[in-house]
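Subject: Structure handover and notes

Hello,

Here is the structure for your files. Please look it over before reading the notes below it.

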Amino acid sequence: MKLHAMNSARAATWVLIGTFLGTLIFSAGKLIGSDIPVLQVVFFRYIGGFILLLLGIGFSNTGMRSSFVSARPNQHLMRAFLGSSSVVCSLYAASHMPLSDAGAINLTEGIFVVLIAATFLNERVSGSRWLGTAICLLGALVVMRAVGGDHREETPRLLIDVASWPAAAAFVGAFLEACDFVLIKTLSASERAVTMMLYVNGLSALFLLIPTLVFWHALTAYQLSLLALLGPVAIAAQYCNVKGFRLAEASLLGPIHYSSVLFAGLIGYWSFGEHPSLASIMGSVLIIIGGFVVTNTPDRTKTNQ
């Protein structure tokens with residue numbers, strides 16, 4: 001029992017660190033400078049990760065050629081497109097709206113995972129998970145309205161403002177991330193983790209190379225040093241999450257991911273003086289509550305035959 005508690009605490013710490021590092025990546029566009037195109041920021045995130053992985057394989061006993069061997073190259077191609085597009089949308093949103101609001105909408109990924117599982121994977125989703133999904137959706141709509149409205153109003157209207165492009169981009173990013181998550185589930189059954197990481201980082205960098213060159217913005221030495229850190233930080237975040245999930249069950253660690261809203265809010269407050277509105281706080285709380293309902297519902301989903 002004591003060993004289990006220690007493992008749970010260590011796992012929670014690993015995932016908490018991974019979530020914080022992931023939030024730094026999420027905030028990168030705004031932290032590095034709004035004058036740097038998002039495409040350029042995302043390109044550095046993937047090319048840095050790809051180079052780091054190549055160096056790691058080179059210094060290990062893992063064969064370089066065998067690390068690229070895959071029976072599903074088309075699915076890796078699709079995953080790279082979904083993953084890179086998701087990061088572009090999410091970083092664009094985070095660069096043009098309060099970080100806590102963008103982070104809250106990004107958490108609606110869980111809604112889309114449930115919808116995709118029910119629609120395309122023919123999984124039976126329990127009533128409790130549908131309830132949690134509905135609560136998350138309501139919270140996201142509240143946050144979107146807060147973003148689209150005037151933050152100086154004492155009582156913002158709690159209706160969606162379709163003119164809020166950054167909020168819409170955050171929603172699209174969450175949807176694409178959910179698609180990527182489902183594809184990871186499919187690929188992980190037959191592909192090695194290092195192979196999946198190599199393909200997603202390498203192909204994503206390749207996809208973004210030409211757009212990045214077209215919209216290239218001259219960098220200062222300080223900005224270049226920050227961009228060079230994105231890949232290693234992203235790989236470190238993945239490593240922390242993997243370590244954590246190996247030590248404890250997902251039902252315990254899943255809710256810790258919602259601390260990203262807190263981290264985003266703190267970064268926004270300390271770095272940019274952002275103050276979330278009442279509606280933003282209400283919406284974020286609803287999303288977190290819905291996420292807890294979805295995460296802590298016993299997994300009784302079965303595939304319809």
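This is a predicted model: local features need pLDDT of at least 70, side-chain atom pairs count only at pLDDT 80 or more; totals for chains, interfaces and linings use all residues.

Residues are numbered from 1 along each chain as its sequence is written, and side-chain values use heavy atoms, with hydrogens and water left out.

Overall

The protein has 14 helices and 0 strands. Both are DSSP runs numbered from the N terminus: H or I over at least four residues for helices, E over at least two for strands. Of the 305 residues, 47% count as buried, where buried means under 20% relative accessible area, exposed over 50% and partly exposed in between, with a 1.4 Å probe and protein chains only. The exposed surface comes to about 15600 Å², and carbon and sulfur atoms supply 69% of it; the areas come from the Shrake-Rupley method with a 1.4 Å probe, and for residues only the protein chains shown count as cover.

Contact here means heavy atoms within 4.5 Å. Among contacts in the protein with a separation of 6 or more, 87% are between residues 24 or more positions apart.

Helices α3 and α10

The axes of α3 (residues 38-59) and α10 (residues 193-214) come within 8 Å and cross at roughly 140 degrees. Axes are lines fitted to C-alpha atoms, for helices over the stretch in contact, and angles run from 0 to 180 degrees between N-to-C directions. The crossing of α3 past α10 is left-handed, meaning that the near helix is turned anticlockwise from the far one by less than a right angle. On the α3 side the contact includes Leu-39, Phe-43, Phe-50 and Ile-57, and on the α10 side it includes Val-194, Met-197, Leu-208 and Pro-211. By class, this contact has 17 nonpolar, 6 polar and 1 charged residues. Nonpolar covers Ala, Val, Leu, Ile, Met, Phe, Trp, Tyr, Cys and Pro, charged covers Asp, Glu, Lys and Arg, and the others, Gly among them, are polar.

Helix α6

Helix α6 (residues 99-106) is largely enclosed by the rest of the structure, because 8 of its 8 residues are buried. Asp-101 and Asn-106 are among the buried residues. Leu-99, also in α6, has a relative accessible area of 0%. Beyond its neighbours within four places in sequence, Leu-99 is in contact with residues including Phe-26, Lys-30, Ile-267 and Phe-272. Leu-99 and Lys-30 are 69 residues apart in sequence, with 8.8 Å between their C-alpha atoms.

Other residues

Gln-223 belongs to helix α11 (residues 221-247) and is buried at 9% relative accessibility. Not counting residues up to four places away in sequence, Gln-223 touches Ile-32, Asp-35, Ile-36 and Ala-218.

Trp-130 lies in helix α8 (residues 127-148) and is partly exposed, at 36% relative accessible area. The C-alpha atoms of Trp-130 and Gly-290 are 9.4 Å apart, although 160 residues separate the two along the chain.

Cys-89 is buried at 17% relative accessibility, and Cys-179 is buried at 19%. A search of the whole structure finds 0 disulfides, a disulfide being a pair of cysteine sulfur atoms within 2.5 Å.

Regards
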